[in-house]
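Biologist: Please take a close look at one part of this model, the place where one chain meets its partner, and go through it in detail.

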4 protein chains.
Amino acid sequence: LITAETAADWLRGLKRQANTHKGSYGHLLILAGSAGKTGAAILAARGAQRSGCGLVSLCVPYDLNTILETSLIEAMTVPLPTSSSVLNVSDLATILKHLDDKTAVVIGPGLGTDTRTAELVLYLYHSVKQPMVVDADALNILARHVDQLRTPAGPRILTPHPGEMARLIGRNATEVQENRLDAGKLCYHRFKKKGRELVVILKGAGTLIVTDNEQVLINTSGNPGMAAGGMGDVLSGIIGSLLCQGLSPTIAAAAGVYLHGMAGDGLYSENGHGFTASDLACNLPRCLKQLLDHLS
Amino acid sequence: LITAETAADWLRGLKRQANTHKGSYGHLLILAGSAGKTGAAILAARGAQRSGCGLVSLCVPYDLNTILETSLIEAMTVPLPTSSSVLNVSDLATILKHLDDKTAVVIGPGLGTDTRTAELVLYLYHSVKQPMVVDADALNILARHVDQLRTPAGPRILTPHPGEMARLIGRNATEVQENRLDAGKLCYHRFKKKGRELVVILKGAGTLIVTDNEQVLINTSGNPGMAAGGMGDVLSGIIGSLLCQGLSPTIAAAAGVYLHGMAGDGLYSENGHGFTASDLACNLPRCLKQLLDHLS
Amino acid sequence: LITAETAADWLRGLKRQANTHKGSYGHLLILAGSAGKTGAAILAARGAQRSGCGLVSLCVPYDLNTILETSLIEAMTVPLPTSSSVLNVSDLATILKHLDDKTAVVIGPGLGTDTRTAELVLYLYHSVKQPMVVDADALNILARHVDQLRTPAGPRILTPHPGEMARLIGRNATEVQENRLDAGKLCYHRFKKKGRELVVILKGAGTLIVTDNEQVLINTSGNPGMAAGGMGDVLSGIIGSLLCQGLSPTIAAAAGVYLHGMAGDGLYSENGHGFTASDLACNLPRCLKQLLDHLS
Amino acid sequence: LITAETAADWLRGLKRQANTHKGSYGHLLILAGSAGKTGAAILAARGAQRSGCGLVSLCVPYDLNTILETSLIEAMTVPLPTSSSVLNVSDLATILKHLDDKTAVVIGPGLGTDTRTAELVLYLYHSVKQPMVVDADALNILARHVDQLRTPAGPRILTPHPGEMARLIGRNATEVQENRLDAGKLCYHRFKKKGRELVVILKGAGTLIVTDNEQVLINTSGNPGMAAGGMGDVLSGIIGSLLCQGLSPTIAAAAGVYLHGMAGDGLYSENGHGFTASDLACNLPRCLKQLLDHLS
């Protein structure tokens, strides 16, 4: 079980030393958003910023750049010249150039499943050396091409909700929910490649995490007020941010899931449901501080 | 009379169970907005999000997509390829595809009354199976084509203010206000089709609701600080959201109207008039919680 | 002297009756903004909305519509088809059509002084029957064409700061400041036309108002924290809003000026300078309530 | 050492007299931002506005104007007709025209290092008479053309972080950090031109300032929660704003650095890290007031 105590202990490494700068806390690259779904990219970025990531950049389709720059003052964007409404593999070279100095990657929120986007996702899943959080439509793309997946070049964290998990393991959502532990383990085994760290997060009430050595963790924070659009996007940003700040994939996943639920719990107990994913992101610093103060 | 007690009782079904997800709280489709009036669409979406709707999508004219995506982070949009500044029936196929998995529909805020929009509204009024909140310009369109209206395929909630009501029943606004009950009943009979649930909401001080079996309800919440642009748009979103969360049309209408007025009352008693419709939407969670806490 | 007591007394008419609707509080048309100066239009609209105007619409150059719709959720815009970066007299017909049902007009903030804009301003200054607040660049345009001005068709409120006043009366700003009363009276006599109400507001510390019968009023609210861009734009919106709510030009001007300064005073005493014009607009409802509560 | 006492004393000149107007507090011109990095320009402007600058204008690439006008309501922009995604020397004439009536200049945040931008930066560094804050990419441009730099026409404040400093003095960042004082002095001597005031600010924990007569100041405010994207952009805006309000380059630099750190300290002690640069800008007025209240 993941509790405030375990989460606080895992986050110990986030306590900041005086003599540090923004480079000390990593640079996250987010590959997310498509026409109609830019909000997912925005929310992932906010999750990252509000949990202490040093720098956040997003590669975005050219036509959507105005939306993203207007909504994300503190992040940088890379408008991709040949991607108009979705991320297109034709911009691979530009993306690879920008990947070079990044600490971690989030891929998937609001991406859509266009063929040209799918090619890009599959290529990056395979070749990126940095730890990568794979979420939402990137998971739907993996699900359709399980047979094509080769050993990834770095650690991977998959963050399916039950519907996405169903697609990943070829079952339906009801079956997944009836036996969440089995689903999590099955997914882990299907995507695990020797020598590469893998973490599977099955979201939903009592989020379940399967990590290497088949260690299983179950989250105790969170509430049904978080059953609203965009909450998962914030989570992917949080985990990416914790990776950037030097936590291991397993700990970033487990502590991130707890922190995310805790931020929702604060809002839920205060005003019930009807809070937004943006509200949740804004509540992260307060919760993070509460956990870190716990330690001393 | 609709009071805090009756509203709380009706909203009992909104108490959330632990083991639920965003799909449990429905997916609302909003058809609203045109060049110059995108705010109406934004406010309907905010009303829905702040009253607990699981997911909110909007079909929007292509040229207005940047405005809507920038303003609505947690909602998704569908930029309609052949609609430039108003919703155009030429995009019917795209709209129908996106209607498929939706729980309820809001149509009308800020739509304008262009001929091509009117064709779309009339077609959807007739053919959509899901419960549909019909507001603002969609009502003005219905008013001009009363003779063409055929039996709708699902429940309908009409939400005219006195001016729109006047157009719907062929009187003037003064006559409507002089006998609001008569106006409400006349409208109900004019639009009621056998076998299809109909709710008529006549907005204004003491909002009046006429439902099947000619049940009449009168709201007790609300205040003249709400006499400002955009307040009605938020109401349509609230009702759509309550439909998405499983309430019946009559109860969604009655409880929605009470909740809307209550959110305005909180703002009015605190700071008098000069609050905006966005402010009102933000105040919804607190009021909803107060009503639900009432129950236990 | 304008004090809290006199302002409260003048604002008595703003106390709201239960049985009213947004139409009861007027519809303001704002003609403001140009490429690079859309903020002025936004701030005028916010001043109007936050002081209780029923509805606010803005006629805006087509290319700037995205900016204005994104920033003003509760207002409506009319994108002018042939005005690209500035308001152009070529769109006169559209503007006149939209003027028809408006209660009052604000013209000038951020307009620029393009020749084609000047033609529009001069035409409207002459022909609009509704009360009109003339501010900023509209004043600069009047100053250049004093000899062309004919009797306006309705009441006019001019709101120059010392620099604009200097241009209006052909002096320099230092001369204006050395004898503000003389400047105000001189301006009044230069622009007064028989049978048309005129109010001249000379802004600056101790804002001075000259009205018909040469009545002179001096404001006692306000502070040097308000010496920042955009504050005047909010004032023009407030006065337009008070006109819409039925106050006479003199009272709208005098009470508006007091309310504006009072909203700034609240912010200044709390946090010193560094507040923005948007902050000031948000503080209006609280101040308005305080004044109205004064009365009972 | 720069402490609250020294900072308050330096800021004494910011206490506002009643009989002042926005012109009394200067007009800042910001040259910043490029496609993907408009946030840097926005944050510099917010830093300036929140520390009391009278007026703020930005010269911006034409295609980015919508983003900047939407995000900066109280500032004015000058959309440069021939600059599309970066500031281009081809718009020099327009920029010079707008420089005429400005009190101070900030150049650099988010500019990029395009050749055509570099030409512009070098020209302005040389020829602008007003005090100029040179930050971020403008520093990177100077670093590449040290040999071309001629005597500037006015005071210059350079604000490198250790990485930028390394480029300016031809070392690496580790060397800079190992002996910050040496690096600061070396940079000062490399860029100092006879008869022109120069201030070098080496950012990072314990920000160090080298000014004329080799006076060295070390800041005592600030915290590692400020190690996030955009914080430096806010600082450049603050210093520009203090210059506009009449402080000397040395005092604007020293007091600005203290104020910036103090605003971060307030946020850090309240909620730990995870605050944004926008949050920091919003906290400036409160800190400024605290310092000024200190004096009386």
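**The contact of chain B with chain C**

Modeller: Between chain B and chain C, one salt bridge is found across the interface; the model is a predicted one. The partners in this salt bridge are Asp279(B) and Arg50(C), with 2.7 Å between their closest N and O atoms. Polar contacts between chain B and chain C number nine residue pairs, both residues being at pLDDT 80 or more.

H2(B) has the largest share, five residues. Sorted by class, this side of chain B holds 18 polar, eleven nonpolar and four charged residues. In total, 33 residues of chain B and 32 residues of chain C take part in the contact. About 2300 Å² is buried between the two chains, and carbon and sulfur atoms account for 56% of that area.

For reference, here is the contact of chain C with chain D. It brings 33 residues of chain C together with 32 residues of chain D. The buried area is about 2300 Å², 56% of it from carbon and sulfur atoms. One salt bridge is found across the interface of chain D and chain C, joining the side chains of Asp279(C) and Arg50(D) at 2.7 Å, N to O. Nine residue pairs are in polar contact between chain D and chain C, again with both at pLDDT 80 or more.

Notes:
Residues are numbered from 1 along each chain as its sequence is written. Chains are lettered from A and ligands numbered from 1 in the order in which they are written. This is a predicted model: local features need pLDDT of at least 70, side-chain atom pairs count only at pLDDT 80 or more; totals for chains, interfaces and linings use all residues. Side-chain values use heavy atoms; hydrogens and water are left out. Contact means heavy atoms within 4.5 Å. Buried area is the accessible area (1.4 Å probe) that two parts lose on being put together, summed over both. A salt bridge is a side-chain nitrogen of Lys or Arg within 4 Å of a carboxyl oxygen of Asp or Glu. A polar contact is a pair of N or O atoms within 3.5 Å; within protein, one must be able to donate a hydrogen and the other to accept it, and residues adjacent in sequence count only if both atoms are side-chain atoms. Helices (H or I, at least four residues) and strands (E, at least two) are DSSP runs, numbered from the N terminus. Ala, Val, Leu, Ile, Met, Phe, Trp, Tyr, Cys and Pro count as nonpolar, Asp, Glu, Lys and Arg as charged, and the others, Gly among them, as polar.
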